[in-house]
Amino acid sequence: MFMEGGCTCRHVRYRLTSKPMIVHACHCTWCQRETGTVHALNAMYEAERVEHIAAEPEIIDTPSASGKGQKIARCPICKIAVWSNYPGAGPAVRFVRVGTMDDPRQCPPDVHIFTSTRQPWVTFPPGAKVFAEYYRIDEVWSDEAKERRRALRERTKRS
Ligand SMILES: [Zn+2]
């Protein structure tokens with residue numbers, strides 16, 4: 001096990017069985033609105049590595065910048081969002097909201113994206129990977145994460 005997390009009222013709790021493939025700090029205006037702050041912080045996981053150990057979240061269809069919509073998993077009681085699915089990767093990938101983890105310090109951002117719309121006072125530490133829009137996976141992901149992604153795509157192709 002890597003870590004647990006959950007919503008504010010503790011009705012929804014999850015267990016992460018490994019480290020994430022990658023952690024995105026997304027500075028797009030949609031993420032700013034959805035989080036009420038300057039960027040989202042999303043840890044990308046294979047769905048089966050995010051195990052619900054209390055109640056199941058409710059899945060809310062939500063508009064997205066792409067126009068294709070996203071599904072946000074929220075606590076049915078306190079409505080805190082714990083993870084999302086995006087249409088690109090579908091239900092096989094869960095973007096876990098790092099702030100809901102019991103120790104969010106273990107998931108600092110690997111990459112900052114859509115920084116063309118960042119709040120002007122946000123600065124980045126030296127050496128941070130910063131992209132005005134999106135990036136190429138080949139250039140940013142670790143070899144281990146690329147292998148996990150490849151395995152995931154094989155599995156979803158078969159099922
Ligand atoms: Zn709750």
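**View 1. The β1–β2 pair.** Strand β1 (residues 3-6) and strand β2 (residues 13-16) run antiparallel to each other and are joined over four bridges, where strands are DSSP runs of E with at least two residues, helices are DSSP runs of H or I with at least four residues, and both are numbered from the N terminus. Two strands are said to pair if DSSP finds at least two bridges between them. The two strands make a hairpin with six residues between them, and R10 in the turn has a positive phi of about 70°. Within this pair, G6 stands opposite R13 in β2. The model is a predicted one, in which local features need pLDDT of at least 70 and side-chain atom pairs count only at pLDDT 80 or more, while totals for chains, interfaces and linings use all residues. Residues are numbered from 1 along each chain as its sequence is written.

**View 2. The open sheet.** Seven strands, with mixed pairing, form an open sheet in the order β6-β7-β8-β9-β4-β3-β10. Its edge strands are β6 (58-62) and β10 (111-113), each of which pairs on one side only. From one strand to the next the twist averages 30°, with axes being lines fitted to C-alpha atoms and angles running from 0 to 180 degrees between N-to-C directions. Strands of a sheet pair through backbone hydrogen bonds, either parallel or antiparallel.

**View 3. Strands β3 and β4.** Inside the sheet, strand β3 (residues 22-26) and strand β4 (residues 40-46) pair in the antiparallel sense over five bridges. One of the residues to look for is H24, whose bridge partner in β4 is N42.

**View 4. Helix α3.** Helix α3 (residues 143-158) has 16 residues and spans 23 Å from its first C-alpha to its last, close to the 22 Å expected at 1.5 Å a residue, the expected span being 1.5 Å times one less than the number of residues. This helix is hardly covered, since the count of buried residues among its 16 residues is one; a residue is buried if 20 or more other C-beta atoms, placed from the backbone, lie within 10 Å of its own, exposed if 12 or fewer, and partly exposed in between.

**View 5. The whole chain.** The protein chain contains three helices and ten strands, which follow one another from the N terminus as β-β-β-α-β-β-β-β-β-β-β-α-α. Buried residues make up 31% of its 159 residues, and its C-alpha atoms fill a box of roughly 40 × 35 × 30 Å along the principal axes.
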